[in-house]
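Dear colleague,

Please find the structure below, handed over for your review. A summary of the findings follows it.

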Amino acid sequence: MNKFVALLVIGLLLVSACATPQKSQTDPLVEKLQQGGYVIFFRHAATDHSQKDIDKKNLGNCDTQRRLDEKGRQQSNDIGDGFKMLEIPVGEVVTSQYCRCINTAMIAFGKATPSVEITSIQDVTLEVKQQRIAKLRKMLATPPRPGTNTVLVAHKGMFKDASGHLLEEGEAAIFQPQAHDTAHFVRRVKADEWKTLNGD
């Protein structure tokens with residue numbers, strides 16, 4: 001084989017190697033979540049801000065509340081599809097009593113347990129506000145049942161006060177419970193990012 005042919009063969013091999021698509025790497029977070037042991041806090045999905053909460057004493061009436069809009073319903077579907085595709089096990093799903101939080105959870109995970117303890121802290125007394133913030137911190141630090149992850153769905157204000165993080169609608173913050181009732185913040189994940197964590 002002369003020098004010219006040898007160089008040509010090497011060049012073709014290099015071009016072939018560069019043209020071969022490389023498989024993207026699955027995010028290391030996925031394997032951790034698949035094993036369970038995390039608490040995932042979601043701010044409810046996107047809402048119609050032209051609607052107002054006009055009857056905060058009767059939270060069973062969704063017609064008097066700000067509700068999910070089309071984008072919010074799609075975000076909730078995307079979250080649920082992402083969890084199924086990534087095979088992330090979900091145990092308890094606890095939500096605020098507001099319909100937008102319950103609906104986010106129901107669309108994404110097919111279940112929701114509304115709790116007054118993580119319902120909005122707007123228009124409540126200082127004592128109630130402090131109690132709910134303390135409860136949320138405790139829930140973020142409470143280990144889930146073995147092999148599962150706990151999901152919480154509530155509001156940005158109480159979460160910011162409890163954790164220092166401000167989330168967009170549909171965005172999640174992931175925590176790993178630690179000893180002595182503390183929680184290690186892992187990272188944030190937006191609603192449309194769940195389906196991309198597998199590297200596709």
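Phe41, Phe159, Phe175 and Phe185 form one aromatic cluster; rings of Phe, Tyr and Trp (its six-membered ring) are paired if their centres lie within 6.5 Å, with planes under 30 degrees apart counted as stacked, over 60 as edge-to-face and the rest as tilted. Eight aromatic pairs are found in a search of the whole structure. One of them, Phe159 with Phe175, is edge-to-face, at 6.0 Å centre to centre and 75° between the planes. This pair links distant parts of the chain, as Phe159 lies in helix α6 (residues 156–163) and Phe175 in strand β5, 16 residues apart. Both Phe159 and Phe175 are buried, that is, under 20% relative accessible area, where exposed is over 50% and partly exposed is in between (1.4 Å probe, protein chains only).

Please note that this is a predicted model: local features need pLDDT of at least 70 and side-chain atom pairs count only at pLDDT 80 or more, while totals for chains, interfaces and linings use all residues. Residues are numbered from 1 along each chain as its sequence is written, and side-chain values use heavy atoms, with hydrogens and water left out.

Regarding the overall architecture, the chain has six helices and six strands, taken as DSSP runs (helices H or I, at least four residues; strands E, at least two) and numbered from the N terminus. Their order along the sequence is α-α-β-α-β-α-β-α-β-α-β-β. Of the 200 residues in the chain, 42% are buried.

Leaving aside neighbours within four places in sequence, Phe42 is in contact (heavy atoms within 4.5 Å) with residues including Ile79, Phe83, Phe109, Val151 and Trp194.

Finally, Ser50 lies in the loop between β1 and α3. Ser50 counts as exposed because its relative accessibility is 59%. Its side chain makes a polar contact with that of Asp48 (2.6 Å); such a contact is a pair of N or O atoms within 3.5 Å, and within protein one must be able to donate a hydrogen and the other to accept it, with residues adjacent in sequence counting only if both atoms are side-chain atoms.
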